[in-house]
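Open the model in your viewer and follow the stops below. Each one says what to select and what is there.

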Amino acid sequence: MKAFEIVTTQINPQLYADFVLRPEAGAVTLFTGHVREWTKGVRTMYLSYEAYIPMAEKKLAQIGEEIEQRWEGTKVAIAHRIGELQISDIAVVIAVSSPHRKSAYEANEYAIERIKEIVPIWKKEIWEDGEEWIGDQKKKPEGESV
Amino acid sequence: MISLRYFAGLKEQTGISEEQVDMAGKTVEELWQWANEKYPEFLSGAARLAVNEEYALPTDVLASGDVVAFIPPVSGG
């Protein structure tokens, strides 16, 4: 594994938690984002994710650098899966370790917000009666978040 | 030559994922205008352009060999 990566197979979150754990860390927050079946009353059958892989991995690493500068003593690992994902599959994992828990919680939430702003990854929702790239055209469910 | 890359909904609109254009020396904004003329359905205007894997400014000047990606609004997570 790499600390910041796009993957095409099932994510094992423990790998990322283990990666950030160090003797000086008193806290590890592990966020997993999953494929949700219902979004604003519309039922998703499955999701398809696409990424501009080299840039996406660079931007994930940039988020890691931003966090390590902003919250002293933190260490970060992030992975995002692409391809076809089924309901409840893990789409993204964010692991943050820090000396104390507050930084680990805050930094973890910051990471998912930044992913939704700057990382070139796109989600297509496939419904029973159609499909749509989310964030692309604002027709159907706003695709708020995982 | 400049290499162009399209993703997600933009890729479906252009029908291609890559193409080459002879626009070295032009600005990012000029390339954007060219793309909007060639692919009027882009419309949205919401896409950002990345040059060599970094978000670009409209005034950035393109050089031969650059890879320009059209980045529609992202929706990871």
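Start at the boundary of chain B and chain A, where 17 residue pairs are in polar contact, both residues at pLDDT 80 or more. A polar contact is a pair of N or O atoms within 3.5 Å; within protein, one must be able to donate a hydrogen and the other to accept it, and residues adjacent in sequence count only if both atoms are side-chain atoms. This is a predicted model: local features need pLDDT of at least 70, side-chain atom pairs count only at pLDDT 80 or more, and totals for chains, interfaces and linings use all residues. Residues are numbered from 1 along each chain as its sequence is written, chains are lettered from A and ligands numbered from 1 in the order in which they are written, and side-chain values use heavy atoms, with hydrogens and water left out.

Next, select Glu12(B) and Lys124(A): their side chains form a salt bridge at 2.8 Å, N to O. Four salt bridges are counted between the two chains (a side-chain nitrogen of Lys or Arg within 4 Å of a carboxyl oxygen of Asp or Glu).

Now widen the selection to the whole contact (heavy atoms within 4.5 Å): 23 residues come from chain B and 28 residues from chain A.

Finally, move to His100(A), in the loop between β7 (90–98) and α3 (101–118) of chain A (DSSP runs, helices being H or I of at least four residues and strands E of at least two, numbered from the N terminus).
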